[in-house]
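Me: I have just opened this structure and would like to learn how to read it. Could you take me through some of its features, one at a time?

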Amino acid sequence: MKLEQPVTTPDKAARRALGACAVLVVGALTLTACGGSAKAKNEDAERGGKDTVKTSAPKIAISAADGSTGASINTTGVRVSGGRLTAVTMTVADTRQAVPGTLSADGLSWKPKEQLERGTKYEISATAKDANGRTAAAGSTFTTVAAANSFIGTYTPDGGTTVGVGMPVSFTFDKAISDKKAVQSGITVTSSSGQKVVGHWFGTQRLDFRPQEYWKAGSKVTMKIDLDGVQGANGVYGVQKKTVTFTVGRSQVSTVDVATQTMTVVRDGRTLKTEPISAGGPQFATYNGQMVISEKFREVRMDSRTVDLANAYDIHDVPNAMRLTTSGTFIHGNYWYNKGNPPFGREGTSHGCVGLRDVRGARTDTPAKWFYDNSVIGDVVIVKNSPDRTVAPDNGLNGWNMPWSKWIAGSAV
């Protein structure tokens, strides 16, 4: 018995969708007798005779009904009772592109290997056979849920990553969510440390989760996303169903003291080093507060026009740069420090970033390169004694600056 398996891979970025998952038994099921008349069989059955002949062929069920729209991109599949699947073929209707799938070991079910695309028409055909050689066939043509009628949450961190102790779980939804309770209830975040984790909404499209204190070093955090079919707004449903696990690495918290223009790096309670820095100048003070490294760039262009500072600077190769806020605060290498200024670390001269001594090229062993190499996404950088205000909790991944009582008050469950 050979199962036909198409070979292509749909876009893995697709997310889970609401499915109109009515079970459809499709196809004519031909019944055959193994001898004797139908009347004799019926009389035999009425007497409870031992020689009653079973005349049921396999029954194939395709989860997406023929002609349906709004089908799930995750749960669409084929099942059979009274026999085993012998062949399943699935294609994209418009292009005839094959969709690869997996047959269960017992031959009773088949499902696509990857999530389906949203707003796409598919065709499935399946055949099955029972132990007596009876066969059945079924088919369905259906369309998955449209992007306009579904929402996806882009989340961080990614599964399988190792992050710093300050890394929150953060979802950004591609549509405004009006039923926050339903959506938040579809996401659970737990830690092997046993820390209580609570969600907080920033507006209608962002939902972050964190414990009261930083994650415990070495703990495992699990995100269970069960949003498939969850109505987030009128006529808009979730399309995601998956479990994501990441690891919290060692604890590294670095403190920038603007008053002394120094940064002290502490890992697992032990001071690794103290380095001179250059914080924001008098007109462009650096934010105070707890900031989480959210991105790392060995080299990046920094253009003042992107942060509404006119033509103050445009540096194409800023080395060893790590993002601290969405609005443009970085901690990065500085190779252009004016030699006419006081020695590096004596005076803040930046436009709000935190600069570390560096050379052009990003690869030479410098304080900036050392800090870059020894930092991970989710590490915490605390800035204190700056004349500026405390960074807003939603400016980057910086919810640690919100009191726990207020954080809890922003939960919808």
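Reply: Gladly! Let us begin with a term: a polar contact is a pair of N or O atoms within 3.5 Å; within protein, one must be able to donate a hydrogen and the other to accept it, and residues adjacent in sequence count only if both atoms are side-chain atoms. Here, the side chain of R210 reaches the backbone oxygen of G399 at 3.4 Å. Two notes on the source: this is a predicted model, where local features need pLDDT of at least 70, side-chain atom pairs count only at pLDDT 80 or more, and totals for chains, interfaces and linings use all residues. Residues are numbered from 1 along each chain as its sequence is written, and side-chain values use heavy atoms, with hydrogens and water left out.

Me: Thanks! How many helices and strands does the chain have?

Reply: Helices (H or I, at least four residues) and strands (E, at least two) are DSSP runs, numbered from the N terminus. The chain has 4 helices and 28 strands.

Me: What share of the residues is buried?

Reply: Buried means under 20% relative accessible area, exposed over 50%, and partly exposed in between, using a 1.4 Å probe and protein chains only. Of the 413 residues in the chain, 48% count as buried. Contacts are another way to look at the fold, and contact means heavy atoms within 4.5 Å. Among contacts in the chain with a separation of 6 or more, 68% are between residues 24 or more positions apart.

Me: How do I read a sheet, and in what order do the strands of the open sheet of 4 strands come?

Reply: Strands of a sheet pair through backbone hydrogen bonds, either parallel or antiparallel. Two strands count as paired if DSSP finds at least two bridges between them. This open sheet has the order β10-β12-β15-β14, with antiparallel pairing. Its edge strands are β10 (153-156) and β14 (197-202), each pairing on one side only. The β14 strand and β15 (residues 206-211) are joined in the antiparallel sense over 6 bridges.

Me: Which residue of β15 is the bridge partner of V198?

Reply: That partner is R210, the residue we started with. R210 is buried yet has no salt bridge, and E213, the nearest side chain of opposite charge, is 6.9 Å away. For that charge comparison, Lys and Arg count as positive and Asp and Glu as negative, while His and the chain ends are not counted. Setting aside residues up to four places away in sequence, R210 touches several residues, including W215, W400, W404 and W407.

Me: What makes a salt bridge, and how many does a search of the whole structure find?

Reply: Side chains of opposite charge can pair when their charged atoms come close. The cut-off is a side-chain nitrogen of Lys or Arg within 4 Å of a carboxyl oxygen of Asp or Glu. The search finds 11 salt bridges. One of them joins R134 and D130 at 3.3 Å, N to O; R134 is buried at 5% relative accessibility, and D130 is buried at 12%. In another, R206 meets D208 at 2.7 Å, N to O, and both of these residues are buried.

Me: Which backbone angles deserve a second look?

Reply: Most residues other than glycine have a negative phi, and most peptide bonds are trans. R96 is not a glycine, yet its phi is positive, about 65 degrees; R96 lies in the loop between β4 (84-92) and β5 (101-103). Q261, also not a glycine, has a positive phi of about 55 degrees, in the loop between β20 (252-257) and β21 (262-267).

Me: Are R96 and Q261 buried or partly exposed?

Reply: R96 is partly exposed, at 47% relative accessibility, whereas Q261 is buried, with a relative accessible area of 4%. As for the peptide bonds, a cis one joins T156 and P157, with omega about 5 degrees. P157 lies in the loop between β10 and β11 (162-163).
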